[in-house]
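Welcome! Take a moment to turn the model around on your screen before you read on.

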Amino acid sequence: MGIVSCFGTDVDVFYEALLAGKSGIGPITGFPCDEFPTRFAGAVQDFDPGEYIDKKQARRVDPFIRFAMVAGKKALEHAGLSGEHLNRLNKAKAGVIIGSGMGGMNVYYDGALTLSTKGHRRITPFFVPYIITNMGGALLAIDLGFMGPNYSISTACATANYSIVAAANHIRQGHADVMLAGGAEAGVYPLGLAGFVACKALSERNEAPEKASRPWDKGRDGFVMGEGSGVLVLESLEHAIARGAPILAEYLGGAVNCDAHHMTDPREDGLGVSTCIEDALKDAGLAKEAINYINAHATSTLVGDMAEVRAIHKIFGPHAKNIKMNATKSMTGHCLGAAGGIEAIATIKAIQTGMLHPTINLDDPEAELGDIDPIAHKAKPHTITAGISNSFGFGGHNSTVIFAPYQ
């Protein structure tokens with residue numbers, strides 16, 4: 001697993017911060033935003049790509065590309081695939097699917113300013129390559145020599161989960177032995193912030209930003225922007241055993257579908273979500289009773305939070321009382337196209353440690369949560385039998401992945 005987050009680039013430090021209930025949300029310092037009604041985010045601070053990217057390239061590329069390349073290479077290191085071990089890989093059967101919801105927004109914004117103030121002759125020749133969503137995974141593959149399946153998926157905030165499902169299926173179908181999969185986003189920038197402000201989707205709790213992201217709380221007033229990257233190394237069991245890999249968890253199955261309902265709002269009854277969870281359970285060959293943990297999408301929006309809760313009650317019925325569910329976004333904000341990758345890492349760390357991080361800021365829970373334990377305020381021990389991680393995106397895109405301890 002490899003991560004770039006508001007808590008840094010170390011997976012263990014990231015999860016320790018979550019277990020401590022620490023908020024990564026704070027005032028935006030990367031650009032002047034005094035005129036914006038929202039002036040805070042879960043931004044990546046003081047990011048240094050170090051030796052993971054060529055220095056000249058690191059200065060030129062969009063931050064989302066930097067995030068993807070660092071998270072991807074750190075994931076390979078974590079998997080014991082660096083140095084000579086990396087060289088021994090069959091590169092023709094190693095691939096990359098790292099998507100982005102918005103791509104190179106920073107380069108795009110700077111290019112638009114250059115065009116309007118200095119004219120077309122001053123546009124950098126790197127403009128197009130550094131805004132397109134596939135370039136994070138492409139440059140990563142170029143550095144690594146990975147010649148297997150390589151493309152980006154862009155399904156808004158469901159992007160990383162879609163990428164994980166697609167990568168796992170390439171391995172199942174024999175197209176690859178090893179896949180890097182996840183998402184990257186760098187949207188905390190004037191254009192990204194302005195766009196979500198215009199949607200009226202963001203919290204405006206500027207006086208207490210650390211309390212602004214409050215999934216399932218009756219006082220929530222919108223989501224909080226986050227950014228970063230979360231990347232997994234997925235590998236066939238046979239290949240992992242043959243090389244003595246550190247197996248962290250097992251991917252059991254996943255599913256994707258579409259609400260076909262509204263551009264930004266989910267179906268209030270959660271039908272698309274419940275169908276997606278059902279399909280993921282079928283793909284995994286699991287009975288619903290095997291699930292005892294859910295890392296929820298739970299962005300802190302009025303409609304979205306409850307649509308997911310309704311779907312969960314519909315699928316699990318009385319078994320819901322046996323399920324513990326938390327919201328990583330209460331501390332990281334909503335990392336958009338990277339959210340599913342970052343939350344898959346939180347899910348796998350929960351499996352490994354036997355500890356679930358809290359949902360912070362849940363002071364006045366919605367009654368519809370019912371018997372589901374949302375892990376309010378304080379971390380709890382929990383032995384996970386199988387855990388779901390959900391991600392949903394604008395356009396009605398739904399995705400569910402299921403992980404379990406490796407037996």
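Below is a short tour, from the whole chain to a few single residues.

## Ground rules

This is a predicted model, in which local features need pLDDT of at least 70 and side-chain atom pairs count only at pLDDT 80 or more, while totals for chains, interfaces and linings use all residues. Residues are numbered from 1 along each chain as its sequence is written, and side-chain values use heavy atoms, with hydrogens and water left out.

## The whole chain

The chain has 14 helices and 13 strands. Here helices (H or I, at least four residues) and strands (E, at least two) are DSSP runs, numbered from the N terminus. The chain is as compact as a globular protein of 407 residues, because its radius of gyration is 20 Å, close to the 22 Å from the globule rule. That radius is taken over C-alpha atoms, and the rule is 2.2 Å times the number of residues to the power 0.38. Along the principal axes, the C-alpha atoms fill a box of roughly 65 × 55 × 40 Å.

How much of the chain counts as buried? The share is 58% of the 407 residues. Buried means under 20% relative accessible area, exposed means over 50%, and partly exposed lies in between (1.4 Å probe, protein chains only). The chain exposes about 15900 Å², and carbon and sulfur atoms supply 54% of this area. Such areas come from the Shrake-Rupley method with a 1.4 Å probe; for residues, only the protein chains shown count as cover.

Contacts (heavy atoms within 4.5 Å) also tell us about the fold. Among contacts with a separation of 6 or more, 79% join residues 24 or more positions apart.

The chain carries 34 positive and 42 negative side chains, and the centres of the two sets lie 4 Å apart. Lys and Arg count as positive and Asp and Glu as negative, while His and the chain ends are not counted. Each charge is placed at NZ of Lys, CZ of Arg, CG of Asp or CD of Glu.

Helix 14 covers residues 339–353; at 1.5 Å a residue, its 15 residues should span 21 Å, and its end C-alpha atoms are 21 Å apart, which agrees. The expected span is 1.5 Å times one less than the number of residues. Helix 14 is mostly covered, with 13 of its 15 residues buried. Next comes Gly-354, whose phi is positive, near 70°.

Helix 5 has 14 residues (105–118), which should span 20 Å, and the 19 Å between its end C-alpha atoms agrees. Its buried residues include Met-105, Val-107 and Gly-111. Which helices do the buried residues of helix 5 pack against? They are helix 2 (55–60), helix 3, helix 6 (127–131) and helix 9. Helix 5 is followed by Gly-119, with a positive phi near 95°.

## Residues in loops

Now look at some residues between helices and strands, with their relative accessible areas.

| Residue | Relative accessible area | Class |
|---|---|---|
| Leu-81 | 2% | buried |
| Lys-200 | 76% | exposed |
| Thr-299 | 7% | buried |
| Ser-300 | 0% | buried |
| Phe-394 | 34% | partly exposed |

Leu-81 is in the loop between helix 3 (63–78) and helix 4 (84–87). Leaving aside neighbours within four places in sequence, Leu-81 is in contact with residues including Leu-89, Val-178 and Arg-243.

Lys-200 sits in the loop between helix 9 (190–198) and strand 6 (228–235). Its phi is near 60°, a positive value in a residue other than glycine.

Ser-300 also has a positive phi, near 90°, and is not a glycine. The loop that holds Ser-300 runs between strand 8 (293–295) and helix 12 (302–316). Thr-299 lies in the loop between strand 8 and helix 12 as well. Not counting residues up to four places away in sequence, Thr-299 touches Ser-213, Phe-223, Asp-305, Lys-329 and His-334.

Where is Phe-394? Look in the loop between strand 12 (387–393) and strand 13 (397–404). Apart from neighbours within four places in sequence, Phe-394 is in contact with Ala-156, Phe-196, Met-263 and Thr-264.

Finally, Phe-47 is found in the loop between strand 3 (40–41) and helix 2. Outside the four places on either side in sequence, Phe-47 touches Val-4, Thr-9, Arg-66, Phe-67 and Val-70.
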